[in-house]
Amino acid sequence: MADPIIVGTDGSAAATAATEWAADDAARKGCPLRLVSVVDHWAYGIPKFPAGAGDPLTVHAERALAAAEAAARGRRPEVPVSAEIVEGIPAKILRDKAGEAAEIVVGSRGLGGFAGVVVGSVSTHVAGHASCPVVVVRPGWRDAHGEIVVGVDYSPECEPAIAYAFEQARLRGCGVRAVYAWQLPVHTLAPEISYDVEELHETQRRAVSEKLAPWRRDEPGVPVREEVVFGHPVEALTEASERADLLVVGSHGRGALGSVMLGSVSRAVLHHAHCPVAVVRPRR
Ligand SMILES: Nc1ncnc2c1ncn2[C@@H]1O[C@H](COP(=O)(O)OP(=O)(O)OP(=O)(O)O)[C@@H](O)[C@H]1O
Ligand SMILES: [Mg+2]
């Protein structure tokens, strides 16, 4: 059987939004859905509540799973759903589920955090470390635009993101908009360096076309728009996400250091995007 789509469920509104998005995606992909609620009795090394049947954390997790299961079945009755309570550290448990998941879907935030938090620590960690695609969903999402936006750059790291975007577009019968944003490097100590911006822009445009050529060839049914923007990638992708059903980014680009698990662009768009965001890294 196909690997399941795994949803992290903590009973929050965002987790419900994630469950609904994941149910739709499971229906599209023909794979089962697994709802996972992680119970952390040992937060801070102190048992907050004794573990066992009837303890308040387990009862909460059972309720969260039952509500999520009802939401998934109500939305996509044809999708097989299973539910599981796991004891441990939520971010770590969910991250480690990547090996058995087609993808992991989480809410942008959960029950914790302070009022102003936009993306919680669990979703940030999972997006930064899981080896499978991770989709972060906000409450209020809806598919309304018929286009998937993918952020591209020169790095080979963005290729799994392009593949994911084309797969989503094919399954949904919609188009792909590939956005590459570039800026001139800043040389404060060498102001005499000058650039032919028009020519550079044209070179970038050709490079993006070449990058997308294999997918254009393999997915002839998917309409593609290529866009080269002069500006900062976070700004360009955030703006593009206003008219997208999904924004797909790689985990990091050319500028990333080896130890960086989530590049600055991916991290920032998780906070600013107006639609669900998929972070896709090469499978290890
Ligand atoms: N205990 C858990 N079990 C399963 N999934 C979880 C759990 N905690 C969080 N998640 C998943 O992660 C998403 C984001 O929650 P997260 O915990 O990151 O945000 P938060 O609670 O607002 O902030 P923080 O916990 O960092 O203070 C949730 O919507 C849910 O999908
Ligand atoms: Mg939390």
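Reader: In which helix does Tyr164 lie?

Author: The model discussed here is predicted. Within it, the stretch of residues 159-172 forms a helix that holds Tyr164. That helix is α5.

Reader: Does Tyr164 count as buried or exposed, and why?

Author: A residue is called buried when its relative accessible area is under 20%. Tyr164 has a relative accessibility of 5%, and therefore it counts as buried.

Reader: How many residues apart in sequence are Tyr164 and Pro133, and what is the C-alpha to C-alpha spacing in space?

Author: Pro133 is among the residues that Tyr164 touches, as are Trp21, Leu246 and Val248. Along the sequence, Tyr164 and Pro133 are 31 residues apart. From C-alpha to C-alpha, their spacing is 8.5 Å.

Reader: Which residues touch the most other members of the largest nonpolar core?

Author: This core has 45 residues. It takes at least three residues from domain 1 (5-137) and at least three from domain 2 (147-280). One of the residues asked about, Val150, touches Ala161, Val176 and Val248, among others. The residues with the most contacts to other members are Leu33, Val150 and Val248.

Reader: How many residues are in the second, separate core?

Author: Its members include Val149, Leu237, Val249 and Leu270. The size of this second core is 33 residues.

Reader: Where is Tyr195 found, and what is the accessible area of the nonpolar patch that it forms with Ile193, Val197 and Phe230?

Author: Tyr195 is in the loop between β7 (175-182) and α6 (197-218). Its relative accessibility is 32%, so it counts as partly exposed. Together with Ile193, Val197 and Phe230, Tyr195 forms a surface patch whose accessible area is about 340 Å².

Methods
Residues are numbered from 1 along each chain as its sequence is written. Chains are lettered from A and ligands numbered from 1 in the order in which they are written. This is a predicted model: local features need pLDDT of at least 70, side-chain atom pairs count only at pLDDT 80 or more; totals for chains, interfaces and linings use all residues. Side-chain values use heavy atoms; hydrogens and water are left out. Patches are made of residues with over 30% relative accessible area and no salt bridge: like charges are joined within 9 Å, nonpolar side chains (Val, Leu, Ile, Met, Phe, Trp, Tyr) within 5 Å. Accessible areas come from the Shrake-Rupley method with a 1.4 Å probe; for residues, only the protein chains shown count as cover. A salt bridge is a side-chain nitrogen of Lys or Arg within 4 Å of a carboxyl oxygen of Asp or Glu. Helices (H or I, at least four residues) and strands (E, at least two) are DSSP runs, numbered from the N terminus. Buried means under 20% relative accessible area, exposed over 50%, partly exposed in between (1.4 Å probe, protein chains only). A nonpolar core is a set of buried Ala, Val, Leu, Ile, Met, Phe, Trp, Tyr and Cys residues joined through side-chain atoms within 4.5 Å. Domain bounds come from an automatic or database domain assignment. Contact means heavy atoms within 4.5 Å. Lists of a residue's contacts leave out its neighbours within four places in sequence.
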